[in-house]
Amino acid sequence: MGRLVCDKVTKVYGKGATALDKVSFNVPASGIFALIGRNGAGKTTLVRILTTELMLSSGKATIDGVDVTNDPSTIRDMVAIVPQEARLLMWTTPKQFILAYLLYRGYGYKEAVERAAEAVKRVKIEKFADKQSQHLSGGTKRKALVAAVIAAEAKILFLDEPTTGLDPISRGELWAMLNQLKKDHFIFLTTHYLEEAERLADMIGIIEDGKLLAIGTLDNLRKKVKHEYSVRILQKGINVRLREGEVVTGLDGHRQILTTEREANRISQGLIKRGIRFSSSPISLEEIFYYLTKKSIDIADEEKEGNGGWQ
Amino acid sequence: MKRRRAMAVGNKRKSISSQILASILVSAIYPMQNFPIMLINAMLAPFSFLLVITFISHGTLLGVAIIGALVMTTVSAGMALQADLSHFKNDIRLQDMVVSSPTSAIVYIIGMGLSELIYFLPNIIILAILAVIFMNLTATAVLTIAVVMTIMFIFSITLSFMLSTLTVDIIQSWAFTNMVSTLLSTLPPVYYPITYIPMPWRYLAYLSPTTYAAQLAQSAAGFIALSPTNILADWVILVVVAIVMLIIGVKRTRWREP
């Protein structure tokens, strides 16, 4: 399997809005690559460029050595996409939709019919395969869309926020499916569910305001934050003396200490002795994301300077 | 190179006929099969005008109205395409899935255009039967009407496709549909002879290519008398407008967004 390479990929829309700003990375085109970022960060724009729906303004992108800009027809044989807001046609059944998509991919009718029947079984929606989509749940519709691209046998699947709006069970089922698929496909996944990226992805990219902030495995990303552990204090008004690391306030308002494993253990023991509720764990992708984007973290420098005894 | 071939598994099985069939299925067969009320809706517009004109004229304009309904059916088919394309592109994102597949823009539009023709086929069949019963058309008249219908169809689907690729929302698309509808179906004297429009309003009708199509069809069927020069001028205008529309369509249409 080849590599997905972006070299200073930039996209400026007509009115001068920069959606992507010199995005560069080079990852193996295998397993699952998750691009995470907030709404409007540039995830969908990058996906649309890589799937040849959208022209880039400058830079270069290649998949397995094939230039996305200059050789779109080869790319289109290689990739298949479930766009962010894709829906089934109201008057089609999942099987009919998958069949039509396979015909668009160029399969003969007979083979497309057989593949559509296999695809609904593969994603376990055969019970609903012949029901019109207007009578189906959001999860079933989403699975049908994923089934269509799986059945197409494209080696690279772009799934743009595939689990948005799904209930936890449907989401879990889709995750299980993606974990199976990654054995013989390269899946480029965008999501703003950080847990999803953490659970599924072999490689993770973090994008914010069109800029790629970090890329790597979860362990690589942890190193970029310089802190291995997080201690979350679940009670208010608690003072802790910190020897190393940083104190931040998460979105839930709880104080968090990002620090080394040794310091986390020391603080934890102190909190246990004082009977204070807390949780301690290796730093999560969510914490890495907040840390790197610096949008939701309130780094409590002032407090470290002596206000409240946090040092 | 070997690796590239291994990933590009779709190359060998690119079948244009399958891709055209896909559009026909999603845009005509499945809606007709699963939601037949849409078929009735498609038939209403041309037939309602036909009935109104026939009643108002006490039957004297029945023949002209049948020809008008035939021409308008192809124009309506082309115009309906815009709403379908906009829905596929902006609402359900099917077009995004197709753009990043081996299907090309031209194959997609041919498939979608044919799907609209299939959708409106019952209209054409019923109108053709009415024409056989109530009119005495020569082979030349039938051929002329067929060619005129084809040109108007090509014109309207090209216009629809171009407009649909420029819109980002179905509401925008409706605005264009209303404009195009006024240009192609309200202004021109499709269901009656142009002489029924008083001067100077008649000049407005000449802004629409449908007027030339209707004149040629009405003249071929013997309802109005046109000089050979007028007939030639009408053909030239109709063909040139269709070609210009095709050129503009090819240049302005955005399959892959810039």
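Me: How many salt bridges are counted between chain B and chain A?
Reply: The model is predicted, so local features need pLDDT of at least 70, side-chain atom pairs count only at pLDDT 80 or more, and totals for chains, interfaces and linings use all residues. Side-chain values use heavy atoms, without hydrogens and water. A salt bridge is a side-chain nitrogen of Lys or Arg within 4 Å of a carboxyl oxygen of Asp or Glu. Between chain B and chain A the count is 3.

Me: Which residue forms a salt bridge with A:Arg48?
Reply: The closest N and O atoms of the pair are 2.8 Å apart. The partner of A:Arg48 is B:Glu257.

Me: What area do chain B and chain A bury between them?
Reply: Buried area is the accessible area (1.4 Å probe) that two parts lose on being put together, summed over both. Carbon and sulfur atoms carry 58% of it here. The total is about 4,300 Å².

Me: How many residues of chain A are in contact with chain B?
Reply: Contact means heavy atoms within 4.5 Å. Chain B contributes 44 residues. On chain A the number is 49.

Me: In what sense do strands E7 and E8 of chain A pair?
Reply: Strands are DSSP runs of at least two residues (E), numbered from the N terminus, and two strands pair if DSSP finds at least two bridges between them. E7 (residues 156-160) and E8 (residues 186-191) of chain A share 5 bridges. The sense of the pairing is parallel.

Technical notes
Residues are numbered from 1 along each chain as its sequence is written. Chains are lettered from A and ligands numbered from 1 in the order in which they are written. Helices (H or I, at least four residues) and strands (E, at least two) are DSSP runs, numbered from the N terminus.
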